[in-house]
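Look at the structure first, then read on.

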Number of protein chains: 2
Amino acid sequence: MKRILPSYIEHLGEVTPFTYAWDMTPPTHLAPRYCSFSKPGNNKLLPNLREAIRQSDLRDGGTVSFHHHLRNGDYVMNMVMQEIAALGLKDIRVAASSIFPIHAPLVDLIRSGVITAIDTNYMVGPVAEAVAHGLLHKPAVMRSHGGRPRAIETGVLKIDVAFIAAPTADVGGNINGVHGPSACGSLGYAVADSQYAKTVIAITDNLIPFPIAPISIPGTNVDYVVVVSKLGDPKGIISGTTRITKDPLGLMLAETATKIVQGAGLLKEGLSLQTGAGGASLAVAAFMRQEMIKRKIQGSFALGGVTGYFVQMLKEGLFQRILDIQCFDLDAVESLRDNPNHIEGCASFYANPLNKGAAVNYLDVMILGATEIDTNFNVNVTTGSDGMIMGGSGGHNDTAAGSKLSIVVTTATRGRLPIVVDEVTTITTPGETVDVLVTELGVAVNPRRKELEPALRNLGIKVRDINDISAEVYRRTGKPKPFSPGKRIVAVVEYRNGQIIDVIREQGR
Amino acid sequence: MKRILPSYIEHLGEVTPFTYAWDMTPPTHLAPRYCSFSKPGNNKLLPNLREAIRQSDLRDGGTVSFHHHLRNGDYVMNMVMQEIAALGLKDIRVAASSIFPIHAPLVDLIRSGVITAIDTNYMVGPVAEAVAHGLLHKPAVMRSHGGRPRAIETGVLKIDVAFIAAPTADVGGNINGVHGPSACGSLGYAVADSQYAKTVIAITDNLIPFPIAPISIPGTNVDYVVVVSKLGDPKGIISGTTRITKDPLGLMLAETATKIVQGAGLLKEGLSLQTGAGGASLAVAAFMRQEMIKRKIQGSFALGGVTGYFVQMLKEGLFQRILDIQCFDLDAVESLRDNPNHIEGCASFYANPLNKGAAVNYLDVMILGATEIDTNFNVNVTTGSDGMIMGGSGGHNDTAAGSKLSIVVTTATRGRLPIVVDEVTTITTPGETVDVLVTELGVAVNPRRKELEPALRNLGIKVRDINDISAEVYRRTGKPKPFSPGKRIVAVVEYRNGQIIDVIREQGR
């Protein structure tokens, strides 16, 4: 079931609605990169951010970009946007790979018209709420971690100035994320920005002699370097190892998910796996680990946002490699720095559907979360059932489309809220890319993957029709009054292939 | 003194003659990269080279590219070109970063019209001789290691199919050069090809599970993977450590060069250095090492083609990093593989004049060789004084232009041949980028760098006018009969900025 979408959205233009996951119409060529040159002795080091913004020749109506590896510890986006405001610039598009509660100061800049547009893959906190409440002049564009580099590389998302938080940099503009007081590990989400933006400004609190090692982003992509006192709050950057859930229900679901991997014939030598960083996802990793040890299986790779748990599995030889686009904790940062089998990848390498084969295409098993999942297996991780923006795809719809087996693991209800529903409030990930749902009320297999059912039943898994699960959910929770949003479209959800899969309408204020 | 060049050359078109080293006219944009996509389950592995060439849709008149990290051990270019010939293709342009004696079988393909054009940065052996003798239908284009990625990135050199010798690869097309039986280390010269070619074919003799680590060239750039039994002859790939010259004259010149570095005020903390891989160049490194130890100086980086001698200096802490575009010996390969301060760079990062600052721009000292140097400090490393092609710029004119101090170290005569001459047979590197000449007949300082002279004299160095040195050379050798070439232009020497700095005319047969 597809959404009925408007054919035209003001400030965005004609709408190309979602058809199916691999409906790709590649242009013959990518957008051309800007060209400029630098002579020996040219100085990239500027005294402060304001001077760098001036040199970039950013104008009203321009687009600036940011990456989110400093997560909820990031000072950079706030300080840059304050300077942009102080310079009197208006009508700026902020293309940030993710936006967190720490970015609350941007709300005032949205109100004052400094920021009028946002492109992001994930947002939570005051900025997300401001967008949902209709404060932003133009509809936000919500992409996936793979859709963003697609949009940048094809010229759909044109960046005037990319601001790159650089935990370590040198005067040549070479950058890495593994050294320095604000070390965050991988810088994978900033790479496309550094390649395609008209001007690239590295902001660092750790300038060391040329050339640094490793080099994650080469200085040949970087125009200016600015030193600031602090990129962010390490406590927010590196959240510390998430612990595996101790909730018995969560553990039961994780165990079931592991059985499903087995049932699908994927619990074997060379297994590759991605999970989220939450306690429930890590529980799946923990059960997989047990089974891998028991069966003497060595996996090939773990992918995506990386936690200490996967680092541990790499050390134990349970995986041969980790492909890292983002580090979630200090163990991951240290492993990326020190372990040659833990390697950094950029967002395009990770998940861009429009290149010669992103890493997600080689992924066996993806463990997905869900805020809602509907009887067509569509998943929402973008808004609450009340329509409030509180997330976004990140790599969700990328990995679902790429992996051989995508499993949504969730409780069927959360408090009084139904999670398995008739129709999700917002589609983030189309049902055709979701293979199995695991809940405490049973397991549902997507009819497209019917061939999985016998093996699951053989393993003693209770396989049910998703409609039955949903019906039972509603019997327990009652059918909540459907969310009735305002008319105005405050955001669009762009599927990884560039088609619009859903819109988000204004929240009541 | 500039060469008088024809305004038009058949098959090449209008000639833009060399003006000065940093005369750059950047286009606003680089050439756009090709775009294509790959779904999960797509198979890149093809059964053989012929099938890969068929899939690439290479046509008559097309351009194929190769990199030279396997040097005189390379089997790949020969086997690919044989298949291309067997498929009946004609009029092919071979864009190879260098060509060696092992590529002799290409001469027959030049004769038969399979190969009608060559772009390269360096060539020696039968192919070079065939070009000099006028066998190639179109004039060869000889670039520098930095000029080649400039030409590729700007679309001047359009590649239909890049063939990348991959000492290690996986089914996703990820490539590195540090593992496998044909390990050659850095793959820096192949990177631009992988980014800009229409089709990219990796050829490997070491296919291991996805994903390999490290990844030098990502599979997102690679269309097909072909496994062959052997990429090359390890003896030719890894030549074994070159020894420092024992010739007393060579040692004396090296000692003088080291004094000049001191005189120029560059023998200090943070020094960066590139030398060639020959015994005389290594002798300079050896003297530099002594002085650095004596003065307790730590250098910043060594650059370029890397030998075990620099690996040793890295281990000793005399350099903090090595930036490696090509490994000359096994020590270099092992160090690149194992030492995190020994890092791989691509040719554009190394030396492209048309990016935001290549590594050569940060180089303090470059020790250059010369086949001839003239009284305007122009250097020839492309042809002999008899006009025979036997080299090419490689990084010669890139590093001369980028470094703070470029020193040509050579004997003033070689046997009965004058080396310091009135006018070089072929200009590879313009005199304006060469700072000092060191010979056994004295040291000459380029008048553009007159400020260096007092310090050199203070150090007891015999500084002479280069005209006096040349005159003394001619008194000793006699003035040889000037080389009188045929009329036909068989090759052009394109300076790194894209301007034509010289032409090479046909040898008598």
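## Strand β4 of chain B

In this predicted model, strand β4 of chain B spans residues 63-66. T63(B) and S65(B) point one way from the strand, while V64(B) and F66(B) point the other way. All of them are buried. In a regular strand, side chains alternate between the two faces of the sheet.

## Neighbours of β4 in chain B

Which strand is joined to β4(B) by four bridges? That partner is β5 of chain B, residues 92-96, and the two strands run parallel. Here T63(B) stands opposite R93(B) of β5(B).

Chain A has an open sheet of 10 strands with mixed pairing. Its order is β3-β12-β11-β8-β4-β5-β6-β7-β27-β28. At the edges stand β3 (45-46) and β28 (500-505) of chain A. Each has a single partner strand, so one side of each is left without a neighbour in the sheet.

Within chain A, β4 (residues 63-66) and β8 (residues 161-166) pair in the parallel sense over two bridges. V64(A) stands opposite V161(A) in β8(A).

## A nonpolar surface patch

Which residues form a nonpolar patch on the surface? They are V171(A), L207(A) and V227(A), with about 200 Å² of accessible area together. L207(A) sits in the loop between β11 (199-204) and β12 (224-227) of chain A. Its relative accessible area is 33%, so L207(A) is partly exposed.

Conventions. Residues are numbered from 1 along each chain as its sequence is written. Chains are lettered from A and ligands numbered from 1 in the order in which they are written. This is a predicted model: local features need pLDDT of at least 70, side-chain atom pairs count only at pLDDT 80 or more; totals for chains, interfaces and linings use all residues. Side-chain values use heavy atoms; hydrogens and water are left out. Patches are made of residues with over 30% relative accessible area and no salt bridge: like charges are joined within 9 Å, nonpolar side chains (Val, Leu, Ile, Met, Phe, Trp, Tyr) within 5 Å. Accessible areas come from the Shrake-Rupley method with a 1.4 Å probe; for residues, only the protein chains shown count as cover. A salt bridge is a side-chain nitrogen of Lys or Arg within 4 Å of a carboxyl oxygen of Asp or Glu. Buried means under 20% relative accessible area, exposed over 50%, partly exposed in between (1.4 Å probe, protein chains only). Two strands pair if DSSP finds at least two bridges between them.
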